[in-house]
Amino acid sequence: MSGYVGILVSDPWLHNQFTQVELRSLKSHYMSMKRESGRLTLGDLASKMSRLKVVGENLTEQERASFIQDLYQNQDDEVDYEFFLKIYLKLQAHASARTGSTGAKNSSAFLKAATTTLLHTISESEKASYIAHINNYLSEDKFLKRYLPIDPSTNNLFEIAKDGVLLCKLINVAVPGTIDDRAINTKAVLNPWERNENHTLCLNSAKAIGCTVVNIGTQDFIEARRHLVLGLISQIIKIQLLADLNLKKTPQLVELVGDSKDVEELMSLPPEKILLRWMNFQLKKGGYNKTVTNFSSDIKDAEAYACLLKVLAPEHSNPSTLTVKDPLERAKMVLEHADKMGCKRYLTARDIVEGSPNLNLAFVAHIFQHRNGLSTQTKQISFLETMPDDAQVSREERAFRLWINSMGLSTYINNVFEDLRNGWILLETLDKVSPGIVNWKIANKPPIKMPFRKVENCNQVVKIGKQLKFSLVNIAGNDIVQGNKKLILAYLWQLMRYNILQLLKNLRFHSFGKEITDADILQWANNKVRGSGSQCHMTSFKDKSLSNGTFFLELLSSVQPRVVNWSLVTKGVTDEEKKMNATYIISIARKLGCSIFLLPEDITEVNQKMILTLTASIMYWFLLKQGGEEKGWTSSDSENSSQSEVVSNSTTDDSASESSADENGNM
């Protein structure tokens, strides 16, 4: 059991009824309900539980009220968190019995599965394919080679994954440098605490590269829940195989489009869509008359594959591939052609004719990586050199995108500047951050054809932002619809900041409603470091001395002394030493349980927004571990007025200036 869950639920039976993520989400809903009136009684539940899935959607308020009244006579009894969970389970069972659905444990009804891979049955073909991928890419790893190759006919994969090392290493194969190897526990025999640290590091790092892990907790690895482990492996491998499907990695992709406007559209597409566009571009060259729209039914007959490989590698083409009548036989010939090209298979002929979407996607992506058939002398490439490439904007877009995707919303976003323009996902995000704040009766659900409907959604987004006291000078809903990058980033930063401050506020059981400020976070961090005997100090979240990483290493060591191995820490003098420390800091924080989305450059360059989120995330983890309370860390008017002023100037006012439409402001 992780440290989080141990604090949230003391009853072992209750703990076993939910995943860890469900417990944390339900805790957030419970605290929100209680905060509205200061206390929560049985009589309050029927109306307040309308915002919960299954219970809220499948039972009317009257039905919920009647059910609760039948169970409990005194409706004035106060409801604590564990009592709330028991009532929720009974209501959920009642709702499930009425609708004919399965129980919460098997259906994951509270949190929707975000990807089609998270099923309770697994594909043996997919398992074999992913094992082959692991055997190939991790065969030389010093720690894992004692366990490899894995036999796909066994369940050894899930046994090996139990200590978390394999998945951490696989993440680094997919996106090199995500996890600092120094932070992974790699002893031959790990104790439960060390194993849990690896799992926590794995899950937080998986979120940081774009995986959806809303239904997965550390306990799932320990119990070797095959469908969840394989689902995560599938996502990691997919990210690796699609990594080159963007204009930065493969500028030759501009050959697929005509003018600059089309290039911008291409840049906003998800990698799967770019892969389909590339495939159809090559098929058109070969005279193939159909359009491939998916990686399943459209390629079951293997004709598209036969044409694609003939275009890319005509020297290995077999004339009879397209004339043979049996699709299975044609699929076998396609794979023989791919073998001659040196492509890894990822699937069998049977997988092709059965239309396995995951394996076909992996196969096409690998073909693209191996031989994309695009020209290296394309005149449009020069256009890319004239396009602005703001590294700061790119990093912030990435952080906000990953943060939103980590919430498990109905839609996975690939680009915040494009995918948020209709306002719907922003409304969903706001509802996650502050449950019940969105008026869904006036919201327009996608697909939205009429532009003014998008503006209506975005107007509500701006209205709610003002309600939450965001600084939104000169921002209107239409700015979001138009994809104004500067204003969208300014809004998302304030939303992310509001979220972490609310999480901290909810943990302080004796706060009497007092808001948490940036100054509180700054003071807490300095107090923790000073209390550990260190002389390090942070004057603000843009203190340039933070670039060497020493302060955050001291902070992490102060909240969990055993987590930093000081023999691995550099002096932080050169740029390379600073980056090594920054990478180590991020991995250690994730290993503890911090859900963070910054990059090492955000520390070395002291990006004050990301520095604030890092500090606040460490603080949140520590206070959660302490049960939400720690004496003597809140800022007092007398001793911290100057510090409050510094922080206010560096963070809050900064967001205000960025929200302005003044184009002279810097992001």
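User: Which helices are included in what covers the buried residues of H17?
Analyst: This is a predicted model, where local features need pLDDT of at least 70, side-chain atom pairs count only at pLDDT 80 or more, and totals for chains, interfaces and linings use all residues. Residues are numbered from 1 along each chain as its sequence is written, and side-chain values use heavy atoms, leaving out hydrogens and water. A helix is a DSSP run of H or I, at least four residues, numbered from the N terminus, and contact means heavy atoms within 4.5 Å. The cover of H17's buried residues includes H16 (271–285), H18 (327–341), H19 (349–353) and H20 (357–370).

User: How many residues of H17 are buried?
Analyst: Buried means under 20% relative accessible area (1.4 Å probe, protein chains only). Among the buried ones are Tyr305, Cys307 and Leu312. H17 spans residues 303–312 and is mostly covered, with the buried count at 7 of 10.

User: How do H11 and H12 lie, roughly parallel or roughly antiparallel?
Analyst: Axes are lines fitted to C-alpha atoms over the stretch in contact, with angles from 0 to 180 degrees between N-to-C directions. H11 (residues 165–174) and H12 (residues 192–208) pack at about 30°, their axes 9 Å apart. Angles under 35 degrees count as roughly parallel, over 145 as roughly antiparallel, 65 to 115 as roughly perpendicular and the rest as oblique. So H11 and H12 are roughly parallel.

User: Which residues in H12 does H11 meet?
Analyst: On the H11 side, look for Val165, Leu167, Cys168 and Ile171. In H12, they meet Asn198, Leu201, Cys202, Ser205 and Ala206.

Notes:
Helices (H or I, at least four residues) and strands (E, at least two) are DSSP runs, numbered from the N terminus. Buried means under 20% relative accessible area, exposed over 50%, partly exposed in between (1.4 Å probe, protein chains only).
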